[in-house]
Amino acid sequence: MNATIAAATYWDQYNGITHYNGETLNVFERLWAAWYAYMQNDVLATGIMSFVMHEVVYFGRSLPWIIIDSMPYFNKYKIQAGKIPTAAEQWHCTKMVLLSHFTVELPQIWVFHPMAVFFGMDTGVPFPPMWKIAMHIAIFFVFEDAWHYWTHRAMHWGPLYRSVHKIHHNYSAPFGLAAEYASPIEVMILGAGTVLGPVLWCAITGDLHVLTMYLWIVCRLFQAIDAHSGYEFPWSLHHFLPFWAGAEHHDVHHERFIGNYASSFRWWDFVLDTEAGPEAAKARRDRKLAKDAKKAKKAQ
Ligand SMILES: [Zn+2]
Ligand SMILES: [Zn+2]
């Protein structure tokens, strides 16, 4: 990166970069490069930016759900009818979530940068092409979903459930803010699925840009908060992408405690026959009856 000026303001850095690289870098790339040049410390620059972004997106995405909860018009879309969280519940949840953000997620975010840089992560400009960012994020989604399925399923084993996962199941009718309402141990174990995928990818291929990591975290937060929203709309994503889990999938998990362990996709639960809810139970029964009938026919 050219033209970084020591001990200058952020906008001095921005203007310097624009002066020398205005032709080759777009405005986002210049804003980005100026931030890293201004901070003069990449770990700090990534740490602050990703933590602030995490908080803004977490609470920013939860806010529309809080507003929707307060509007009777939307009641008809609520999956567990009538189970609207109270203001006291939402406040209690916010405090717990903030506590785990500062005690567990902040250090996790902080160690990510040196770890990924060690494996060759890029923080510079220009940014990678959009197709590559999208491809990496898709890979991280698949990895995280598999990680989530198995660790979450393990957490439903008696002793682990009682000592760790029970806190997350405090709300049998979830709401957006409750996405990360969990024991710090759980936040650490499930959060590892979000961070480990990119680190492994970077270790294997040496091809990862920290911007991709930011966008991945934003997508993952949207996924987790929306899955806990408690609302199912005719325009919900899983109607268009049948393998997408969404709120309908995870809400049943909170209501019934058994089944639907994956986070983003439906394939693990489908293939391993751990789908939750009365419809899945009926499908399971139908499948068994069809199998039995087939067997009986063969035996004749
Ligand atoms: Zn669970
Ligand atoms: Zn949940």
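Biologist: What should I know before I start?
Modeller: This is a predicted model, where local features need pLDDT of at least 70, side-chain atom pairs count only at pLDDT 80 or more, and totals for chains, interfaces and linings use all residues. Residues are numbered from 1 along each chain as its sequence is written, and chains are lettered from A and ligands numbered from 1 in the order in which they are written.

Biologist: How many helices and strands does the chain have?
Modeller: There are 11 helices and 0 strands. The C-alpha atoms fill a box of roughly 80 × 50 × 40 Å, taken along the principal axes.

Biologist: What makes helix 1 oblique to helix 2?
Modeller: Helix 1 (residues 10-21) packs on helix 2 at about 125°, and the axes are 8 Å apart. Those axes are lines fitted to C-alpha atoms, for helices over the stretch in contact, with angles from 0 to 180 degrees between N-to-C directions. Under 35 degrees would be roughly parallel, over 145 roughly antiparallel, and 65 to 115 roughly perpendicular, with the rest oblique. So helix 1 is oblique to helix 2.

Biologist: Which residues of helix 1 and helix 2 make the contact?
Modeller: Among them are Y10, Q13 and Y14 of helix 1 and R30, L31 and A33 of helix 2. Contact is a matter of C-beta atoms, placed from the backbone, lying within 7 Å.

Biologist: And why is helix 2 called oblique to helix 3?
Modeller: The axes of helix 2 (residues 27-39) and helix 3 come within 8 Å and cross at roughly 125°. That angle makes helix 2 oblique to helix 3. W35, Y36 and M39 of helix 2 meet D42, L44, A45 and M49 of helix 3.

Biologist: Why is I68 called partly exposed?
Modeller: I68 sits in helix 3. A residue is buried if 20 or more other C-beta atoms, placed from the backbone, lie within 10 Å of its own, exposed if 12 or fewer, and partly exposed in between. I68 has 19 C-beta neighbours inside 10 Å, so it counts as partly exposed. Leaving aside neighbours within four places in sequence, I68 is in contact with F74 and Y231.

Biologist: How do you know that helix 8 spans close to what is expected?
Modeller: The expected span is 1.5 Å times one less than the number of residues. Helix 8 (residues 210-227) has 18 residues and reaches 26 Å from first C-alpha to last, close to the expected 26 Å. Its buried residues include V210, W216 and R220. Helix 3 (42-69), helix 5 (130-155), helix 7 (184-205) and helix 9 (246-256) are included in what covers the buried ones.

Biologist: Which residues does the UniProt domain annotation cover?
Modeller: The unreviewed UniProt entry gives "domain: Fatty acid hydroxylase" for residues 138-274. UniProt positions follow the numbering used here, feature names are shortened, and annotations may be inferred rather than shown by experiment. In the model, residues 138-274 are 58% helix and 0% strand.

Notes
Helices (H or I, at least four residues) and strands (E, at least two) are DSSP runs, numbered from the N terminus. Two residues are in contact if their C-beta atoms, placed from the backbone, lie within 7 Å.
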